[in-house]
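I keep this notebook for a reader who is new to the structure. Each entry records what I looked up and what I found there.

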Amino acid sequence: MLEQGKGILEEEPWYVSAMSNLSSLIMAALPDLNWAGFYLMRKDRLTVGPFQGKPACIHIAPGKGVCGAAVARDETVVVPDVHQFPGHIACDSASESEIVIPIHANGQVAAVLDIDSPVKNRFSPEDREKLEALVRLMEEKISWAER
Ligand code: SME
């Protein structure tokens with residue numbers, strides 16, 4: 001997955017194209033997912049970006065849900081059981097576990113990678129490590145140009 005991710009980012013680093021193909025790559029490469037994609041920081045809140053899965057919440061206010069918590073804490077949040085996470089936003093009722101990883105630009109959180117699974121405890125420490133490596137690669141290569 002990392003090798004393919006690198007290929008995607010190197011062929012076209014523009015964030016819309018890269019995030020679109022990366023969300024598709026994650027969905028295809030990892031079993032048991034129901035949603036994989038990105039929320040972007042825009043006007044001080046998170047707005048949905050490229051993703052794979054059912055239509056999702058469009059805006060997430062600061063600090064809200066797992067995505068908001070990952071931004072506020074500026075760290076990866078792994079939720080083994082979303083029903084135990086206070087304030088979890090249920091965009092897709094199939095979701096049982098979730099991982100959210102902040103993506104930085106110029107030292108600030110610019111977006112998050114959000115992945116949901118219909119299986120509890122889906123995300124192992126190894127999954128977290130690989131996905132964080134993919135995000136580090138994005139931070140290194142992505143272009144945030146408008147168009
Ligand atoms: N469950 C997320 C909201 C986004 S959807 O999962 C796509 C949260 O609580 O942040």
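The entries below go from the ground rules to the helices, then to the spaces inside, and then to single residues.

**Ground rules.** I am working with a predicted model, in which local features need pLDDT of at least 70 and side-chain atom pairs count only at pLDDT 80 or more, while totals for chains, interfaces and linings use all residues. Residues are numbered from 1 along each chain as its sequence is written, and side-chain values use heavy atoms, with hydrogens and water left out.

**Helix 1.** I take helices (H or I, at least four residues) and strands (E, at least two) as DSSP runs, numbered from the N terminus. I looked up which residues of helix 1 are buried (under 20% relative accessible area, against exposed at over 50% and partly exposed in between, with a 1.4 Å probe and protein chains only), and I found Gly 5, Ile 8 and Leu 9. They cover an arc (taken from the directions from the helix axis to the C-beta atoms) of only 95 degrees, which puts them on the same side of helix 1. The face turned away from that buried side carries the exposed residues Glu 3, Gln 4 and Glu 11. Helix 2 and helix 4 are among what covers the buried residues of helix 1.

**Helix 2.** This helix runs over residues 15-29, and I noted that its 15 residues reach 20 Å from first C-alpha to last, close to the 21 Å expected at 1.5 Å a residue, where the expected span is 1.5 Å times one less than the number of residues. Its buried residues are Tyr 15, Ala 18, Met 19, Leu 22, Ser 23, Leu 25 and Ile 26. Why do the buried residues of helix 2 line one face? Seen down the axis, they fall within an arc of 160 degrees, so they line one face of the helix. They pack against helix 1 (2-11), strand 1, strand 2 (45-53), strand 6 and helix 4 (125-141).

**Helix 3.** Here I found Gly 65, Val 66, Cys 67, Gly 68, Ala 69 and Ala 70 buried. Their cover includes strand 1, strand 2, strand 3 (59-60), strand 4 (77-79), strand 5 (97-105) and strand 6. The helix is followed by Asp 74, whose phi is positive, near 50 degrees.

**The cavity.** I searched a 1 Å grid over the protein atoms alone, where a cavity is a set of points where a 1.4 Å probe fits but cannot get out, a pocket is an open set with protein on both sides within 12 Å along at least five of seven lines, and lining residues have an atom within 4 Å of a point. Grid points are joined across faces, edges and corners, and a volume is the space filled by probe spheres set on the points. The count comes to one cavity of 30 Å³ or more, and the volume of the largest cavity is about 150 Å³. Of its 17 lining residues, Ile 89, Cys 91, Glu 98, Asp 114 and Asp 116 lie nearest the centre. Strand 1 (35-42), helix 3 (65-73) and strand 6 (108-117) each give two or more residues to this lining, and helix 3 has the largest share, with three.

About 390 Å³ of space lies in the largest pocket. It is lined by 15 residues, with Leu 40, Met 41, Arg 42, Ala 110 and Trp 144 closest to its centre. The elements that give two or more residues are strand 1, strand 2 and strand 6.

**Phe 123.** I found this residue in the loop between strand 6 and helix 4, where it counts as buried at 10% relative accessibility. Phe 123 and Glu 98 are 25 residues apart in sequence and 7.3 Å apart in space, C-alpha to C-alpha.

**Ile 89.** This residue sits in the loop between strand 4 and strand 5 and is partly exposed, at 32% relative accessible area. Not counting residues up to four places away in sequence, Ile 89 touches Cys 57, Ile 60, Lys 64 and Gly 65.

**Two loop residues with positive phi.** Asp 44, in the loop between strand 1 and strand 2, has a positive phi of about 65 degrees although it is not a glycine, and Asp 44 is exposed at 64%. Asn 106, in the loop between strand 5 and strand 6, has a positive phi near 50 degrees, and Asn 106 is exposed at 81%.

Terms used
Contact = heavy atoms within 4.5 Å.
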